Amino acid sequence: MDIAEVAKRSGVPASTLRYYEKVGLIASIGPQGVRRQFAPAVLDQLALIALGQAAGLSLDEVHTMLSPGGGVNIDRQLLVAKADDIDATIRQLKAVSRGLRHAAACPAPSHAACPTFQRLLKSAASGALDRQRVGRKVAPKRARP
C-alpha cells in the first residue's frame with residue numbers, strides 16, 4: 001500500500017506516518033526516494049501505537065514493544081504499571097467528583113460550616129489527593145513561615 005492508502009485506511013495523517021517512520025515505529029518497504037510503500041501489517045502496528053497512546057504510553061515506550069520486523073514484544077510489567085496508574089487516576093477523579101457533588105448539594109448554610117467540605121479542603125491543601133497516584137512521588141507541602 002502506498003502512504004496515501006495507509007493514511008486513508010488508518011486515519012493517521014501522512015505527515016504522522018512519515019514521522020513514525022523517521023523515529024523507527026514503522027518501516028516502509030521498497031526503494032528510498034519513491035512514494036513510500038507499506039506492508040499491510042503496518043495497519044496493525046498503527047493500531048498498537050494508537051492503543052498505547054490512548055493508554056498514556058509515550059512513543060518511546062511503544063517503540064520498545066515493536067520489533068524491527070514488525071512483530072510485537074509486549075512489556076507486561078509496563079502495562080501493569082500503566083494500568084495501576086490509570087486505576088489511581090480513576091480513584092483520584094472519583095474523589096474529586098464526590099467532593100464537587102457534595103459541595104453542590106451540601107445542606108449547610110455555608111461551605112465554611114460544613115465539616116465534610118472542610119475535610120476535602122484540607123486533603124487538597126495537604127496534597128493527599130496527589131499522593132494517591134501510583135508512581136508519583138509528591139512531597140508533603142511545607143507550612144510557610
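Colleague: Is E21 buried or exposed?

Modeller: Keeping in mind that this is a predicted model, E21 is buried, because its relative accessible area is 17% and the cut-off for buried is under 20%.

Colleague: What does E21 form a salt bridge with?

Modeller: E21 forms a salt bridge with R36, and the closest N and O atoms of the two are 2.4 Å apart. E21 belongs to helix 2 whereas R36 sits in the loop between helix 2 and helix 3, so this pair ties together parts that are 15 residues apart in sequence. R36 counts as partly exposed, with 32% relative accessibility.

Colleague: How many salt bridges does the structure hold?

Modeller: The structure holds three salt bridges. One of them joins the side chains of R35 and D2, at 3.2 Å from N to O. R35 is in the loop between helix 2 and helix 3 and D2 is in the segment before helix 1, so the pair ties together parts that are 33 residues apart in sequence. D2 counts as partly exposed, at 23% relative accessibility.

Colleague: And where do R9 and E5 lie?

Modeller: Both R9 and E5 lie in helix 1, four residues apart, which is about one turn of the helix, and their side chains meet in a salt bridge at 4.0 Å, N to O. R9 counts as exposed at 53% relative accessibility, while E5, at 32%, counts as partly exposed.

Colleague: Switching topic, what does the secondary structure of the chain come to?

Modeller: It comes to seven helices and zero strands, and read along the sequence the pattern is α-α-α-α-α-α-α. Of the 145 residues in the chain, 23% are buried. Among the contacts with a separation of 6 or more, 46% are between residues 24 or more positions apart.

Colleague: Let's look at helix 3, then. Which residues in helix 3 are buried?

Modeller: In helix 3 the buried residues are V42, Q45, L46, L48, I49 and G52. They cover an arc of only 160 degrees around the axis, which places them on the same side of helix 3. On the other side of helix 3, D44, L51 and A54 are exposed.

Colleague: What do the buried residues of helix 3 pack against?

Modeller: They pack against helix 1 (3-10), helix 2 (14-22) and helix 4.

Colleague: How far apart are the end C-alpha atoms of helix 3?

Modeller: The end C-alpha atoms of helix 3 are 18 Å apart, and this agrees with the 18 Å that its 13 residues, 42-54, should span at 1.5 Å a residue. Helix 3 is followed by G56, whose phi is positive, near 90 degrees.

Colleague: One for the surface: which residues form a nonpolar patch there?

Modeller: V72, I74 and L79 form a nonpolar patch on the surface, and together they have about 230 Å² of accessible area. I74 is in the loop between helix 4 (59-64) and helix 5 (76-105), and at 35% relative accessibility I74 counts as partly exposed. For the whole chain, the accessible surface comes to about 10000 Å², of which 57% belongs to carbon and sulfur atoms.

Colleague: Last one, where is V23 found?

Modeller: V23 is found in the loop between helix 2 and helix 3, and V23 counts as partly exposed at 35% relative accessibility. The C-alpha atoms of V23 and L59 are separated by 9.1 Å, although the two residues are 36 residues apart along the chain.

Definitions and conventions. Residues numbered from 1 in each chain as written. Predicted model: local features only at pLDDT ≥ 70, side-chain atom pairs only at ≥ 80, totals over all residues. Heavy atoms only, no water. Patch = residues over 30% accessible without salt bridge, like charges linked within 9 Å, V, L, I, M, F, W, Y side chains within 5 Å. Areas by Shrake-Rupley, 256 points an atom, 1.4 Å probe, with all protein chains shown as cover. Helix = DSSP H or I, 4+ residues; strand = E, 2+ residues; numbered from the N terminus. Buried < 20%, exposed > 50% of the residue type's maximum accessible area, 1.4 Å probe, protein only. Expected span 1.5 Å × (residues − 1). Arc of directions from axis to C-beta. Contact = heavy atoms within 4.5 Å.
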